[in-house]
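Visitor: I would like to learn how to read the arrangement of chains in a model and the places where they meet. Could you take me through it step by step?

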Protein chains: 4
Amino acid sequence: MEIELGRGKRGRRAYTFDDVAIVPTRRTRNPADVSTSWTIDAFTFETPILGAPMDSVVSPETAIALGRMGVLGVLDLEGLWTRYEDPAPILAEIASLPAESATQRMQALYAEPIKPELITQRIAEIRDAGVVAAGALSPQRTAEHYETVVNAGVDLFVIRGTTVSAEHVSSDGESLNLKQFIYDLDVPVIVGGVGTHKAALHLMRTGAAGVLVGFGGGAASTTRSALGIHTPMATAVADVSAARRDYMDESGGRYVHVIADGGMGTSGDIVKAIAMGADAVMLGVSLARATDAPGGGFHWGQEAHHATLPRGRRVAVDQAATLEEVLFGPATTADGTTNLLGALRKSMATTGYSDIKEFQRVDVVVSPYE
Amino acid sequence: MEIELGRGKRGRRAYTFDDVAIVPTRRTRNPADVSTSWTIDAFTFETPILGAPMDSVVSPETAIALGRMGVLGVLDLEGLWTRYEDPAPILAEIASLPAESATQRMQALYAEPIKPELITQRIAEIRDAGVVAAGALSPQRTAEHYETVVNAGVDLFVIRGTTVSAEHVSSDGESLNLKQFIYDLDVPVIVGGVGTHKAALHLMRTGAAGVLVGFGGGAASTTRSALGIHTPMATAVADVSAARRDYMDESGGRYVHVIADGGMGTSGDIVKAIAMGADAVMLGVSLARATDAPGGGFHWGQEAHHATLPRGRRVAVDQAATLEEVLFGPATTADGTTNLLGALRKSMATTGYSDIKEFQRVDVVVSPYE
Amino acid sequence: MEIELGRGKRGRRAYTFDDVAIVPTRRTRNPADVSTSWTIDAFTFETPILGAPMDSVVSPETAIALGRMGVLGVLDLEGLWTRYEDPAPILAEIASLPAESATQRMQALYAEPIKPELITQRIAEIRDAGVVAAGALSPQRTAEHYETVVNAGVDLFVIRGTTVSAEHVSSDGESLNLKQFIYDLDVPVIVGGVGTHKAALHLMRTGAAGVLVGFGGGAASTTRSALGIHTPMATAVADVSAARRDYMDESGGRYVHVIADGGMGTSGDIVKAIAMGADAVMLGVSLARATDAPGGGFHWGQEAHHATLPRGRRVAVDQAATLEEVLFGPATTADGTTNLLGALRKSMATTGYSDIKEFQRVDVVVSPYE
Amino acid sequence: MEIELGRGKRGRRAYTFDDVAIVPTRRTRNPADVSTSWTIDAFTFETPILGAPMDSVVSPETAIALGRMGVLGVLDLEGLWTRYEDPAPILAEIASLPAESATQRMQALYAEPIKPELITQRIAEIRDAGVVAAGALSPQRTAEHYETVVNAGVDLFVIRGTTVSAEHVSSDGESLNLKQFIYDLDVPVIVGGVGTHKAALHLMRTGAAGVLVGFGGGAASTTRSALGIHTPMATAVADVSAARRDYMDESGGRYVHVIADGGMGTSGDIVKAIAMGADAVMLGVSLARATDAPGGGFHWGQEAHHATLPRGRRVAVDQAATLEEVLFGPATTADGTTNLLGALRKSMATTGYSDIKEFQRVDVVVSPYE
């Protein structure tokens, strides 16, 4: 796969979800005979779907609603819900900003400090509703807030940055020792983004229960233009899945979950993520499109309000269906934005597979969209 | 052709009709000396063209008109003509629906039950006109309705789904044993869609007279966005044509017809389908464009009105010419939408071939549209 | 270069001018030290440019004007100038037709019969002006009119069809024996289009002085959509140039000129055609853009008015400069449409070559336009 | 990397910045621990950035402002500042020209002769401000004006043409002997553009301190359409970087700086240029976008006003931020046009590199923008 780009510089050809497609080649099966369930650590979900820790996607309320539908909603513990007692007017303001000044105003709104007591309160709210409580911190703030998070009784702890490495070098000696950190913690940790076999293998060795594959490649991101960095997702998921197998071998059987994170705007993309080897998918824009999503018709990530180097935008999304219709249908449009689970089920049935793990072996072809 | 997409996942590069083109390399020939005739089982047609079983393409009336022009029109036996005594007002309503609510209203209109007596009546209508009568069922409803269809005196029986496999697995044990079914039947069966060599070989072994190559790849389909599934047609037709040759060898000479189904919007695409190895082509949008097509300026397939997971749209089409002009010209535009047979004939003559079977050997190059 | 497109079907990857670019790698040179002259048979021209036999490009008047500028204008002897005593009002009408009915009206206008006495008269007009007189017939009408053409005193005889083969098969036995025909003729013959090494080699063996490389690939053509046929020009010119070398070897030194015909809309494309091996280029749209071109702001070829299967369109062109400015500048725009010769000269100088023949060896890279 | 384009013609596949992306694979690092400094000859700059010698980018005033920010602004010594005593009204006129007549009027404005005394005066102005003074001449005018430039006390001498070769052939014997010229000169010389390993190696042997990689590939250029010449930048930078290594070996340790020139419209492109091996980047449009850039909302190069063969355009640019914000932020948009240094720093930190030289080894993948 290595290509000579010029004398002395080589690089691999890497593929996006748009570059690949699934091909039916075997028996077919009834959609009703297909299971989409997903188990990580002690938790089993009816769907292999996580809601991304973004203010436009997961609020405490949507985390609860998603949990009841078999989806793991992850709350951003550095977002509006831990900065403001009542984020409702802030969310409303963001949804009403004119495009040209949205970035600048969001930089100001997110300058409000994080309040540890709100972290505690938000996690309790979700736990009390009887669903699995998951919250996310960035690597930069994990050391500062993790005790609050754990004490609040979080079930699954997510550390999510644009890139997370097992080995972070800092001249001030304050970097996080991820391995020690995870070892000391009582709750399972999901960590990422990561995009290569080698980096994933190192993250798996820290004891993480799952790794997020991605690098800010979602619908609201401009990482490629701003930083020149890009993680073509089909190749990245396949690479990290190979790391999962290699790590399972070296660890004597520990299975670390591979969770595709970003770049999945349609049900077809979700299907392809699993086809490339993912155990589950973390969705942003796909859920932000729901009429009952907190973004109110808009979608943005943490990169959108970075104080000096924003690398994302607040983007407008079409609101076509409720969260439940987005996930389970019935669909009344044909564009792959509603009935995500129905589409996954149909795709698995059409190619003759009965569960997510098996479906990772489905055949794919390379055939870029024209 | 296998490419490493990432560690542990490989896939073939597959090609669409847009990726390839025909090159003249040999002698030339007079168009008048070219034959486009096609024979399947006991039936010979002046053209290698089938009208697709879609309500926008084939009604009993157009089936008769097409038959008289040497084209095999296949009636959808699960469409409006077997659900309504008089579909004319329903077709008119569909053609008048606003784009945003078309899917939802069509879901309701197609919820009307299929009436076996209408199946009988529609097939009789076509037969009585003296043309070859062909009708299509989906694999899901074949067991329920095939006796009605056969008793009605159908000449060619088409089983057409987005994917049909020789081996369908179902927990309730009700799946169709395609081999037994075809063996028991008196009429020749055409079955599909299929997209790979292996799946095609299995279908050929069921005793089918022809296989349809495709997977809902037509102009009105959104299968790729919704399911992540895509069958690049140039590669699929070549693969299935190779299966035809391999099956002919293993069966001691039985020739199963390869019929390209979908993705052919211009006469150039029809030419390329045959160049890649097809014996005939099943046309949807190309015929729906006729001023006398039943769609009345619109085109849609069964995927467009699926109750919970629509994977297609009702699309508007330009109505530029009559069915006869679309097929045989004269053309008064230059976009490859009229005089389809004239174009095929000219292309065969220009490259020096005299019949469809020979023309399957014509040279092609890979040169994607810019 | 052969790619497996599917089991049992292979094809070469072929390249267009847009896929390639020239790279400076050697010494540079002064543009003033560069020669662009071209000699075919007994005729030497200051430029390696032919005006295409299309009514929008060459009239008797423009043939004379071009000749005086060192360009070989080829008159279409089956166009308006041999069908009408005074084509001026017809040209004016064509330039005034609305887009939607242009094809149909042009089919009617070109139904007017060709008049042999007008062939004689037009050629005389050009000859009498003291420039090289060249006229073109299609292969279909060569047998009927060539004696008129030769007797009129044509200097260079062009036979130009979408495809011309040395071996044309016809059931009525009336096809042209090209070899005998050229042997019998006193004037040098340029013949084409052709797109492959093998077909070119056969044409060269007929005794032609030059071959045209192309297959209706110009700006006004829809051959690819209509017939599925396409000749990616960069590959075709390289292939036919290799045939020139091979034929020179087998014939003991006869040099047959390779003339790229079609697909060159900018000066950059002309440069690339020569870089791929062409001795000269036949231009259509590039010259039709002149304010004094006969098309009056429009451009079309013979395919545009075919009676039953038009495979081209009348296209509107921007009229930015006189014929002389288009060819020799000065340019006042930067889009590669004016000062074609200045650009060629500059490109040759920048890469250090001093004549057309040498420049055929310049380095190229593959780098598709984004 | 060589591809057969047709029989007898081969070419390398070459890559643009858009074709490649950086992948994080190692440790991460704090952006604060990253150095972006660049040293050439006796001069050290805080950034690896040069302002291109274009009238829309560098005036004496901006050269001084840039110098104070750690950027080397290079003044075009054949531009408006050496043709007019007061270019302010000329710049204002250019910014007010209608698009259709801009080229023609600029041809007239730049016909004004260059005045040696203005060369002296402009360089003195920059020097007197205490920043490094750099000025550029074209190869065609270097012999005529270099003594004026050197006597004026320039610190860095830039010779910049669309292509510069070590060996220039001219029939009038007046060409510049670059090696002798550089040897005789007291100031370090940066020379280019160049696009291949071989040509770069020859330029390095002339004694240049740095070479510019590029061929008029910037935002305002139409070289590809006009001349057919194109230098895909990712491949060119890698090739020339390999020449730097090879020349270092053959010269016993002389390090010639490789400066990417053109085609970098975003911070992501700057990052990629260094990733492919560049020591520094020369920016045009990126700096012309500043509200305090001399172009006043427009950008153009010397090619835009060539008297007979313009190969560039005056293009309008969005003015979003001051020069300081463009370079160092804070950014209030996310499109890679502001905080260029912040983005570079972040990208280096994310991939774990601490200085520019190290960062040249970062991993890249091939993944074209869709």
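Predicted model: local features only at pLDDT ≥ 70, side-chain atom pairs only at ≥ 80, totals over all residues.

Visitor: What rotation and what shift superpose chain A on chain D?

Guide: Two copies of a chain are related by a rotation about an axis and a shift along it. Here chain A is brought onto chain D by a rotation of 90° with 0.0 Å of shift along the axis, at an RMSD of 0.0 Å (a least-squares superposition on the C-alpha atoms of residues with pLDDT of at least 70 in both copies). That is the relation of a four-fold axis.

Visitor: How many residues of chain A and of chain D are in contact?

Guide: Residues are in contact if their C-beta atoms, placed from the backbone, lie within 7 Å. By that criterion, 46 residues of chain A meet 53 residues of chain D. Elements of chain A that each supply at least two residues to this side include β1 (2-6), β2 (9-13) and α4 (102-109), where helices (H or I, at least four residues) and strands (E, at least two) are DSSP runs numbered from the N terminus. Chain A and chain C, by contrast, do not touch, their nearest C-alpha atoms being 12 Å apart, and no contact joins chain B and chain D, with the closest C-alpha atoms also 12 Å apart.

Visitor: Which strands form the open sheet, and in what order?

Guide: Strands pair if DSSP finds at least two bridges between them. The open sheet has four strands in the order β3(A)-β18(A)-β2(B)-β1(B), with mixed pairing, and its edge strands are β3 (20-22) of chain A and β1 of chain B. Within chain A, β3(A) and β18(A) run antiparallel, joined by three bridges, and Val20(A) stands opposite Val366(A). Across the chain boundary, β18 (residues 364-366) of chain A pairs with β2(B) in the parallel sense, again over three bridges, and Val364(A) has Gly11(B) as its bridge partner.

Visitor: What lies across these strands?

Guide: Helix α10 (residues 233-250) of chain A lies across β3 of chain A together with β1 and β2 of chain B, running at about 75° to β1(B) (axes are lines fitted to C-alpha atoms, for helices over the stretch in contact, and angles run from 0 to 180 degrees between N-to-C directions).

Note on methods. Residues numbered from 1 in each chain as written. Chains lettered and ligands numbered in written order. Contact = placed C-beta atoms within 7 Å.
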